[in-house]
Amino acid sequence: MKAGYARAELKNQAARDSLEPLEAGERPTVVTVGAMFAGVVASIFWVSTAIAAFTGAEVNGTQPNIAQLVLTAMIMSVMAVGMWQARYWAVLGFQMLLVLLIIAAIAGLVVAGTLLQFISTLVLSIGLSILFWYMVKAMARIQMPKHPSARSNGE
């Protein structure tokens, strides 16, 4: 068991050593994509909030809860800004959201009524999973020390 752990730790260390620290002001492409996605979703929720507040619109015969719309819009806005600034906490929160969306999409495969629904939900699941996978490496780069010399000194 110790030998297996030692091999795994060697692989982990090799993966860490292959990562390049972010330059000042650098943002991984996948984090930029996530920030733009979060920004679009936030915009949709802000517009939905305004429509619900000022028009009295109804969804399925009931008025939407404006407090829920505002809370979701604020969370997505903060997440978008945080990812735009390449903040670890924002990327981690976005990954949590991706996991929830992946689970919902996979559950949607079970209840898909048509082949088109099944295929589109499958494509959505795969796309979200790929985005999640690439964000893992980006998160590792974001939390790295800024200078390689700081890593070797144990700082």
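**Core and surface of a predicted model**

Student: This model is predicted. Is Phe 118 buried, partly exposed or exposed?
Tutor: Phe 118 has a relative accessible area of 35%. Buried means under 20%, and exposed means over 50%. The value lies in between, so Phe 118 is partly exposed.

Student: Which helix holds Phe 118, and which residues make the nonpolar surface patch?
Tutor: Phe 118 is found in helix α5. The patch covers about 950 Å². Its members are Leu 115, Phe 118, Ile 119, Leu 122, Val 123, Ile 126, Ile 130, Trp 133 and Tyr 134.

Student: Which element gives the largest share of the largest nonpolar core?
Tutor: That core has 22 residues. Two or more residues come from each of α2 (29-55), α3 (66-84), α4 (88-111) and α5 (115-142). The largest share is 6 residues, and it comes from α5.

Student: Which residues does Val 31 touch, leaving out those up to four places away in sequence?
Tutor: Val 31 is among the residues with the most contacts inside the core, with Met 83, Val 91 and Phe 94. Its partners beyond that sequence limit are Met 83, Val 91, Met 135, Ala 138 and Ile 142.

Student: What covers the buried residues of α4?
Tutor: The buried residues of α4 include Val 91, Phe 94, Leu 98 and Ile 102. Their cover includes α2, α3 and α5.

Student: How far apart are the end C-alpha atoms of α4?
Tutor: α4 has 24 residues. At 1.5 Å a residue, the helix should span 34 Å. The distance between its end C-alpha atoms agrees with this: 35 Å.

Key
Residues are numbered from 1 along each chain as its sequence is written. This is a predicted model: local features need pLDDT of at least 70, side-chain atom pairs count only at pLDDT 80 or more; totals for chains, interfaces and linings use all residues. Side-chain values use heavy atoms; hydrogens and water are left out. A nonpolar core is a set of buried Ala, Val, Leu, Ile, Met, Phe, Trp, Tyr and Cys residues joined through side-chain atoms within 4.5 Å. Buried means under 20% relative accessible area, exposed over 50%, partly exposed in between (1.4 Å probe, protein chains only). Helices (H or I, at least four residues) and strands (E, at least two) are DSSP runs, numbered from the N terminus. Contact means heavy atoms within 4.5 Å. Patches are made of residues with over 30% relative accessible area and no salt bridge: like charges are joined within 9 Å, nonpolar side chains (Val, Leu, Ile, Met, Phe, Trp, Tyr) within 5 Å. Accessible areas come from the Shrake-Rupley method with a 1.4 Å probe; for residues, only the protein chains shown count as cover. A salt bridge is a side-chain nitrogen of Lys or Arg within 4 Å of a carboxyl oxygen of Asp or Glu. The expected span of a helix is 1.5 Å times one less than its number of residues.
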